[in-house]
Each structure stands twice: as C-alpha cells, then as structure tokens.
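Please open the structure in a viewer and follow the stops below in order. Each stop names what to select and then states what is found there.

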Amino acid sequence: MLQKWITSIGLDIGTSTTKLIVSKLLIANQQNQFTLPGCQIIDRQVTYASSIYTTPMLNEVEIDVQRLTVLLEQEYKNAEISLDQVEAGAVIITGETARKQNAETIVHYLAEHAGDFVVATAGADLEGILAAKGSGAIQHSAETNAVIANIDVGGGTANIALCQNGKVIETFTLHVGGRLIRLNSDGFVTYVSPYLTEFLKNNSLILREGEKATFEKLSSICQLLSVNY
C-alpha cells in the first residue's frame, strides 16, 4: 500500500471571523487486484493554526478580496509554506458571508491564489454537518444511541444538526447570531440585519441605524428571539 504525506489548508471565511489551518495528511493508495483504485486519509497532523481575524469587509454586502489575499499571503509566510507546497484543501464560506454579493468571486479568486485546491462554498446543511462532526456530536450520538442536537451559533446564523447513531438525520438554520446588530463604541447602531429588521417589524419593534441602542431594547429583542425560536 503506497503512502504519501501532503500539505493541506483549510480557510474558513465566516460572517464574523476568518481563520486558516495547515495540516499534513497521510494519504494511502488502497488499490489492489480485488478492489477499485482509491485513496484514503489515514492520519492527520495540524501543523499551524492562524490567529482569528475579523472578516474584512468593504461594506455591509461586499467582502474585501484584496485584504483577504494579503491576510492569506501573510499567514502562508507565518506557516512557512508556499503555493507549490499546498496540494489540497478547501475554502469554506459560511453563515451570512456565503450570501454576500461577491462570495462566488472570492471562491474562484482564492482558488487561484491558494494552491491546488478543492473549493467549496458551505450552505446551511453542510455547515451544520461540519460543525456537528468537529464538535464530536456525531460520534457521541453513535456511542450513546441518543439523538444529539449540535447548535453552531455564528455571526449571522445558528445552524442546528440532529445526530443519531453516528449520522446527521436533519439540519435546519435560524437567523440568529452574534452580529445581527452592530454597535459602535458609543452604543449607536451601525448595522441591523435585514432578516432581523423584518422580524422586528412583524413584532411591532423598530431598531434603526444611527439610533442609540439602550440595554432595555436590546434585552427585549433577545428575549423576543428566544421565545419565537
């Protein structure tokens, strides 16, 4: 059985934060006279994890591709790897970021500037499954025979995956997250998610950009969200 170590990176561009991880993957070629050709990852070693960055934005609807590229180049230097060393990996755009105007442009641009990539844009279903696997919820459901709910709360969405017998049996997404409302240092509202604006309107509440956000109003919004979801 032939084996080979390759360098792989994972770049997660989320609504709030962006992070890069570099791994070494041990690939085994399991081809023999009785089976079809195939490769399997039999070992993995994380060799570098970047700092967690605030996802750079040009405005509320456009991700700053140039700043992302600069960030990636600097992290490659920190990890002491070059483009020609990267043989596999994924760019995963999650949460509200996946719905930004230039998400597709980012995927293709980074694919050309990050090595030989397998590129994916994570929708809500895939994002929930990835979170459930990473947290150990899928494995725990196999060990306990119980239905386990894994809730991944991000900046713009909360993705729930229900796991049973080591498999994800259902996923769903709520528009609840840590950056649906953004305030400046003086407590004035700088952004309100369109999803939250519609929700507040339907519940006879208003929160506008530029107004001073009181603790009482924000607390009422949180309580209203918790009751309705």
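This is a predicted model: local features need pLDDT of at least 70, side-chain atom pairs count only at pLDDT 80 or more; totals for chains, interfaces and linings use all residues.

**Starting at isoleucine 106**

Setting aside neighbours within four places in sequence, isoleucine 106 is in contact with Ile13, Ile63, Val65, Leu68 and Ile93.

Next, select Ile9, Ile13, Tyr76, Ile81 and Ile106, which touch the most other members of the largest nonpolar core, a group of 18 residues. At least two residues of this core come from each of strand 1 (2-13), strand 2 (17-29), helix 1 (65-79), strand 5 (86-93) and helix 2 (103-112). Helix 1 gives the largest share, five residues. A second, separate core has eleven residues, including Leu180, Val189, Leu207 and Leu225. In soluble globular proteins, nonpolar side chains tend to be buried together.

**The pockets**

Now select Gly10, Asp12, Ile21, Ile92 and Leu130, which lie nearest the centre of the largest pocket among its 37 lining residues. This pocket holds about 1200 Å³ of space. Which element gives the largest share of its lining? Strand 2 does, with seven residues. The lining comprises 14 nonpolar, 17 polar and six charged residues.

The second largest pocket holds about 240 Å³. Select Gly177, Ile181, Ile221, Cys222 and Leu225, the closest to its centre of the 15 residues that line it. Helix 6 (215-228) and strand 9 (181-183) each give two or more residues to this lining.

**The cavity**

Finally, select Thr15, Glu96, Arg179, Arg182 and Tyr191, which lie nearest the centre of the largest cavity. Its lining of ten residues divides into two nonpolar, four polar and four charged, and the space inside is about 50 Å³.

Note on methods:
Residues are numbered from 1 along each chain as its sequence is written. Side-chain values use heavy atoms; hydrogens and water are left out. A nonpolar core is a set of buried Ala, Val, Leu, Ile, Met, Phe, Trp, Tyr and Cys residues joined through side-chain atoms within 4.5 Å. Buried means under 20% relative accessible area, exposed over 50%, partly exposed in between (1.4 Å probe, protein chains only). Helices (H or I, at least four residues) and strands (E, at least two) are DSSP runs, numbered from the N terminus. Contact means heavy atoms within 4.5 Å. On a 1 Å grid over the protein atoms alone, a cavity is a set of points where a 1.4 Å probe fits but cannot get out, and a pocket is an open set with protein on both sides within 12 Å along at least five of seven lines; lining residues have an atom within 4 Å of a point. Grid points are joined across faces, edges and corners, and a volume is the space filled by probe spheres set on the points. Ala, Val, Leu, Ile, Met, Phe, Trp, Tyr, Cys and Pro count as nonpolar, Asp, Glu, Lys and Arg as charged, and the others, Gly among them, as polar.
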